[in-house]
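I am opening a notebook page on a structure that is new to me. I will write down what I looked up, one topic at a time.

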Amino acid sequence: MRNCTWCHGSAAQGFSTAPRLAGQKPHYIVEQLLAFKDHSRDNPISKQYMWGATARLGPELASEFAAYFAALPAEPANDGNSALVEAGRALYEQGFADSNVAACLVCHGPSAQGFEAIPRLGGLSYSYLKSRLEQWSQGYHAAAFPMPQVATSLSPDEIDALASYLSFLR
Amino acid sequence: MTGLRLPLLGGLALAALLFSTIARAEGLNAEPRKAEAPKVEAPKPEAAKAEAPKPDAPPRAEFEAKFTYCKTCHGVAGQGFRGAYPMPRLAGQQPEYLQNQLEAFIERRRVNPVMFNVAHVLRPGMLTALAEGFRDLNPKPLGGEPRELIPAGKKIFEEGVPAANVPPCASCHGADAKGAGAMPRLAGQLYDYTTRKLTNWSKERGQDPAKPDSSQIMEPITHGLTPQQVSEVAAYLGSLE
């Protein structure tokens, strides 16, 4: 646990490239821990830090971590561009069918609260959200259907708007 | 279609009549895809395939991009997907039903803001091509239904609930629940999706009083089923391949 808080913060609110874990869906946390362990989540920072951190992690301990972090109160990062919030909200709720952008809301929920293994996005940091969305188009974490496809349909401006909107959500 | 050879209840015959009237009112028969209503009585998939290619069929690459887009939410093989909302299975679905629903979303006869956004940008040729695209997909059901409810659901599907004037589902949707023409396939549909649709039928479907559609057929049936019976029949359908 002390190892987790070193990067994710003592209240698990996230820090720099390490995402907030507080209030995250426990099912999602377990799946991601196991994805680090089996190397299917292969983003550069994941590889550098999380592969080692999970190398000897069993499913039981993963569930215990997940339950602990899921129960912590979450604070929004509020670090996006507030001028892009409305554009981000429109994209999140409606998608953009002309260019085959799916509405995020159908899976992540109307307030980005997540659902089972689908993560809560509301209040995660702008930089984390942005890099995740960018990295799917670069081929990382290809097993996370349907996100590689969804993220590839997004323009850089759309990624900016979505990451901004989500960073302010409680 | 063995399902339609089952003894028909009086109410069901009326529903069939109502449906063909609606089909005519919707102008379905005025399209080159003629004889839609008779297809309900004697569906022949090969007859549909024999139709001439649509003059406004979209370019292949454009179709593939849009079809992939559909499968982002409806599952990589159209088997359905569970997000914050259950996204229905479209695999093996009757093209005529899908076409009708896409048009209903566009005209807001069927209320669904997400699907309105998705559907209203589709040109008619693309809409038809997508509706036909799912017909030949045949993945296993997604599963996740409460299996203990399946036997009771099977009974409702095959026998209806005579005391509540609920006809056997099989009489329109087919003994194998694969649908025909405008009657949707139900086999393999997500349990939670079917439950929600049957529960909210009158709030989501047939929302334009000036333009009644085939959703009228199901309306009294959905009201005749108790919540428990809805769950049972939805569980059975979810388990069907």
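In which handedness of crossing does helix 11 of chain B pass helix 14 of chain B? I looked this up and found a right-handed crossing, where a crossing is left-handed if the near helix is turned anticlockwise from the far one by less than a right angle, and right-handed if clockwise.

Before going further I noted that this is a predicted model, in which local features need pLDDT of at least 70, side-chain atom pairs count only at pLDDT 80 or more, and totals for chains, interfaces and linings use all residues. Residues are numbered from 1 along each chain as its sequence is written, while chains are lettered from A and ligands numbered from 1 in the order in which they are written.

**Helix pair in chain B**

I returned to helix 11 (residues 191-199) and helix 14 (residues 227-239) of chain B, which pack at an angle of about 140° with their axes 8 Å apart. Helices here are DSSP runs (H or I, at least four residues), numbered from the N terminus, and the axes are lines fitted to C-alpha atoms over the stretch in contact, with angles running from 0 to 180 degrees between N-to-C directions. The angle makes helix 11 of chain B oblique to helix 14 of chain B, since angles under 35 degrees count as roughly parallel, over 145 as roughly antiparallel, 65 to 115 as roughly perpendicular and the rest as oblique. Helix 11 of chain B contributes B:Y191, B:T194, B:T195, B:L198 and B:T199 to the contact, and among the residues of helix 14 of chain B I listed B:V230, B:A234 and B:G238; a contact requires C-beta atoms, placed from the backbone, to lie within 7 Å.

**Chain B against chain A**

I then found 15 residues of chain B in contact with 18 residues of chain A. On the chain B side, helix 5 (60-74) and helix 7 (113-119) each supply at least two residues, and helix 5 of chain B gives the largest share, six residues.

**Confidence**

I recorded ipTM 0.92 and pTM 0.85 for the model. Chain B averages a pLDDT of 85, with 77% of the residues scoring at least 70; pLDDT is the predictor's confidence in each residue, from 0 to 100. Over residues 1-14 of chain B the pLDDT is below 50, and residues 17-43 of chain B are also below 50. Where pLDDT is low, the predicted coordinates should not be read in detail.

**Domains of chain A**

Last, I noted domain 1 (2-70) and domain 2 (82-167) of chain A, whose bounds come from an automatic or database domain assignment.

Definitions and conventions:
Contact = placed C-beta atoms within 7 Å.
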